[in-house]
Amino acid sequence: MTFYKKAILVTGILSLMFGLSGCGASENVQEKVNDNEANNIVESGSYGKENGDALMTDISFDFENKRVLLNSGYYMPIVGLGTYALSDDTCINSVEALLENGGRLIDTASFYGTEKSVGEAVRNSNVPREEIFVTTKLYPNQFGNAAKAIDEALETLDIEYIDLMLLHHPGKGDVEAYKALEQAVKDGKIHSIGLSNWYVEELEEFLLQITITPAVVQNEIHPYYQENDVIPYIQNLGIVVEGWFPFGGRGHTAELLGDEVILSIAETHHVTSAQVILRWNLQKGVVVIPGSGNPEHIKENLDIFGFELTDDEMEQINRLDRNEKHEWY
């Protein structure tokens, strides 16, 4: 790496890592790395390595602390809760169950209508705000006035700042909307930014038009739709991959949880099919946000660190791929 590029990289890292000290963050699951760690990352090249115009980073999961270091410098939990389709009371109760059982990652979106309930549950929790990681999203109908939509999300959530904000899926004005996210990072409103439902072709075009590399790309990923070509492409850019619909989504969950291969592996480890699927994701380097309104299921979904799938078991699940996408985007 040339001195000029390295200087730009160092400046960018330091501005991202230490320019948001007024955002309410402290030493916790999603806190930024400290000064010494930042220097070591830059000097060792583990933050960015030249690969054409792409920067690569080590995004290995920290299983002991159940987190991953994003390229923004913040830590993100690797297991959480999706809140899509949860009613107000159910959403509040689900977030409470997550937090009571040690979970710290919550996924919401303006489109879901759960931002208000998520914010209420976070504010009413005994867990310090800086230990909780909240993701929300801008829907394409908000791209035209993204700056206003960001402020509205902040107001609705009412949790001081947003840990991660994504564009919900590609749409007209998405580049301009992403630039509004970039500005919100500079303004201290958002810690990390990213994309949802972007694939290789979309990313190749999109990344050339923006300044801040996405910290996360969130896509549909489950054993019947594995994205085995997309996941390594994203990870090689130093971007963390997050999977939604880990159990296959509406109308498909029963079939996936009842798959004979997954049931057999679950029996071997004395766990549930759901736990096997979530663990498979983690071992592929994919953050998981299973949705649930059942407190017992939420507790179960967090309990996936007491066993490990063998290489053979991973391969058995890999062979289940049907390239069967269950949502249109």
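In this predicted model, the lining of the second largest pocket comprises 13 nonpolar, 13 polar and four charged residues. Two helices, H9 (253–257) and H12 (295–302), each provide at least two residues of the lining. Of the contributions to the lining of the second largest pocket, that of H12 is the greatest, at three residues.

Helix H10 spans residues 260–269 and helix H13 spans residues 311–318; the two pack at an angle of about 160°, and their axes lie 10 Å apart. Because angles over 145 degrees count as roughly antiparallel, H10 and H13 are assigned to that class. The crossing of this pair is left-handed. On the H10 side, the contact involves Val-261, Ile-265, Thr-268 and His-269, which meet Glu-313, Gln-316 and Ile-317 of H13. Classified by residue type, this contact of H10 with H13 contains three nonpolar, three polar and one charged residues.

Helix H10 also packs with helix H11, which covers residues 273–283; the axes of H10 and H11 come within 8 Å and cross at roughly 95°. Since the range from 65 to 115 degrees counts as roughly perpendicular, H10 and H11 are therefore described as roughly perpendicular to each other. In this contact, Ile-262, Leu-263, Ile-265 and Ala-266 of H10 meet Ser-273, Val-276 and Ile-277 of H11. The residues concerned divide into six nonpolar, one polar and no charged. Ile-265 of H10 takes part in the contact with H13 and also in the contact with H11.

A further helix pair is formed by H5 (residues 146–157) and H6 (residues 174–186), which pack at an angle of about 50° with axes 8 Å apart. The crossing of H5 and H6 is right-handed. Helix H5 contributes Ala-146, Ala-147 and Ile-150 to the contact, and helix H6 contributes Ala-177, Ala-180, Leu-181 and Ala-184. By class, the contact between H5 and H6 holds seven nonpolar residues, with no polar and no charged ones.

How values were computed
Residues are numbered from 1 along each chain as its sequence is written. This is a predicted model: local features need pLDDT of at least 70, side-chain atom pairs count only at pLDDT 80 or more; totals for chains, interfaces and linings use all residues. Side-chain values use heavy atoms; hydrogens and water are left out. Axes are lines fitted to C-alpha atoms, for helices over the stretch in contact, and angles run from 0 to 180 degrees between N-to-C directions. Helices (H or I, at least four residues) and strands (E, at least two) are DSSP runs, numbered from the N terminus. A crossing is left-handed if the near helix is turned anticlockwise from the far one by less than a right angle, and right-handed if clockwise. Contact means heavy atoms within 4.5 Å. Ala, Val, Leu, Ile, Met, Phe, Trp, Tyr, Cys and Pro count as nonpolar, Asp, Glu, Lys and Arg as charged, and the others, Gly among them, as polar. Angles under 35 degrees count as roughly parallel, over 145 as roughly antiparallel, 65 to 115 as roughly perpendicular and the rest as oblique.
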